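Let me put the sequence and the model up on the screen, and then we can walk through it together.

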Amino acid sequence: MTQSEGGHVEGGTEASMDTRRALLCLVAIFLLSLTTLTFVYKNFPELEEDEYQYMKLPMDIEDAKNLGRVLSHYKDRYFVEVLAGIFVTYIFLQTFAVPGSIFLSILSGFLFRWELALLLICFCSAAGASFCYLLSYLVGRPVVLKYLPDRTKTWQEKVDKQRENLLFYIIFLRITPFLPNWFINISSPIVNVPLWPFCLGTFLGVAPPSILAVQAGTTLYQLTSSSDAFSLTSVVLLTAAALLSLVPIILRSRLREKFD
């Protein structure tokens, strides 16, 4: 075996070990999160017999309505427990890209005052997305760099050209539906988007659509699907907010052209 072949084998072994460690870390984080979720559930006040069937992740608007009925029954007496349940569940869904967070957003608008519901959604979205970012950094980034090095380099070069504007791009992407949130969370660390603008951009960017979800929550029992939260007027408002998020990028570009 030549020296280069030995180096290749050694490098491959190290990469394989890194991948295994990353996967073990992913499993450990998942189990820890699941344990926390179970702990919150177990410490919830004792439910009535017919209420247990509704204590599950809402996958449609009917699930959200049924869960809302149960939680509203306990909210005044066990406010912290109900809030903690929504908090932990929301972050869990965002961290592992599990569908259903839109229903928790609507449910938050139904259960809490609008300012608390909005802060809860924005914080949980930013925290969960950041955890998903870190998981992707640990697991996804090494794999993509190994098997798609040239394409990854091209992506990174495009991001580097707009590095000063990354915060506003993240805000724009969070407001608009062009890219799914889970894709943004997973791909950002791969193309070297720093965590700070990613987290702050997520917190600010999810606010406009979250306001609509919170407003929809005030009329939860009148909704027939999650799409009812977004009317033509709300779509226009979201479009306006998305365009406003691009204004600083455009102004900075114009100023650079003028003075360079």
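Let's start at isoleucine 29. If we leave aside its neighbours within four places in sequence, isoleucine 29 is in contact with Phe96 and Leu135. Please keep in mind that this is a predicted model. Isoleucine 29 sits in helix α1, which covers residues 3–42.

Threonine 95 comes back when we look at phenylalanine 131. Not counting residues up to four places away in sequence, phenylalanine 131 touches Ile91 and Thr95. Phenylalanine 131 belongs to helix α5, residues 114–147. With a relative accessible area of 41%, phenylalanine 131 is partly exposed. And where is cysteine 199 relative to phenylalanine 131? The two are 68 residues apart in sequence and 9.8 Å apart in space, again C-alpha to C-alpha.

Let me zoom out for a moment. The protein chain has 11 helices and 0 strands, so if you read the elements from the N terminus on, you get α-α-α-α-α-α-α-α-α-α-α. Of its 260 residues, 40% count as buried.

At 1.5 Å a residue, the 14 residues of α2 should span 20 Å, and the end C-alpha atoms are 20 Å apart, which agrees. How many of the residues of α2 are buried? It is 10 of the 14, so α2 is largely enclosed by the rest of the structure. Those buried residues are Ile61, Asp63, Ala64, Lys65, Asn66, Leu67, Gly68, Val70, Leu71 and Tyr74. As for what they meet, the buried residues of α2 pack against α3 and α4.

That leads us to the pair α3 and α4. Helix α3 takes in residues 79–95 and helix α4 residues 101–111; their axes come within 10 Å and cross at roughly 160°. That angle makes α3 roughly antiparallel to α4, and the crossing of the two is left-handed. On the α3 side, the residues involved are Val82, Ile86, Thr89, Tyr90, Leu93 and Gln94, and they meet Ser101, Leu104, Ser105, Leu107, Ser108 and Leu111 in α4. By class, the residues of this contact divide into 7 nonpolar, 5 polar and no charged.

In the loop between α3 and α4 you will find alanine 97. Its phi is near 55°, a positive value in a residue other than glycine. With a relative accessibility of 37%, alanine 97 counts as partly exposed.

There is another residue of that kind further along the chain. Asparagine 192 has a positive phi of about 65° although it is not a glycine. Asparagine 192 lies in the loop between α8, residues 181–187, and α9. Its relative accessible area is 31%, so asparagine 192 is partly exposed.

Last stop: helices α7 and α9. At what angle do their axes cross? The axes of α7, residues 166–175, and α9, residues 195–205, come within 8 Å and cross at roughly 40°. That makes α7 oblique to α9, and α7 passes α9 in a right-handed crossing. From α7, the residues Leu167, Ile170, Ile171, Arg174 and Ile175 meet Pro197, Phe198, Leu200, Gly201, Thr202, Leu204 and Gly205 in α9. The contact of α7 with α9 has 8 nonpolar, 3 polar and 1 charged residues.

Terms used: Residues are numbered from 1 along each chain as its sequence is written. This is a predicted model: local features need pLDDT of at least 70, side-chain atom pairs count only at pLDDT 80 or more; totals for chains, interfaces and linings use all residues. Side-chain values use heavy atoms; hydrogens and water are left out. Axes are lines fitted to C-alpha atoms, for helices over the stretch in contact, and angles run from 0 to 180 degrees between N-to-C directions. Helices (H or I, at least four residues) and strands (E, at least two) are DSSP runs, numbered from the N terminus. Angles under 35 degrees count as roughly parallel, over 145 as roughly antiparallel, 65 to 115 as roughly perpendicular and the rest as oblique. A crossing is left-handed if the near helix is turned anticlockwise from the far one by less than a right angle, and right-handed if clockwise. Contact means heavy atoms within 4.5 Å. Ala, Val, Leu, Ile, Met, Phe, Trp, Tyr, Cys and Pro count as nonpolar, Asp, Glu, Lys and Arg as charged, and the others, Gly among them, as polar. The expected span of a helix is 1.5 Å times one less than its number of residues. Buried means under 20% relative accessible area, exposed over 50%, partly exposed in between (1.4 Å probe, protein chains only).
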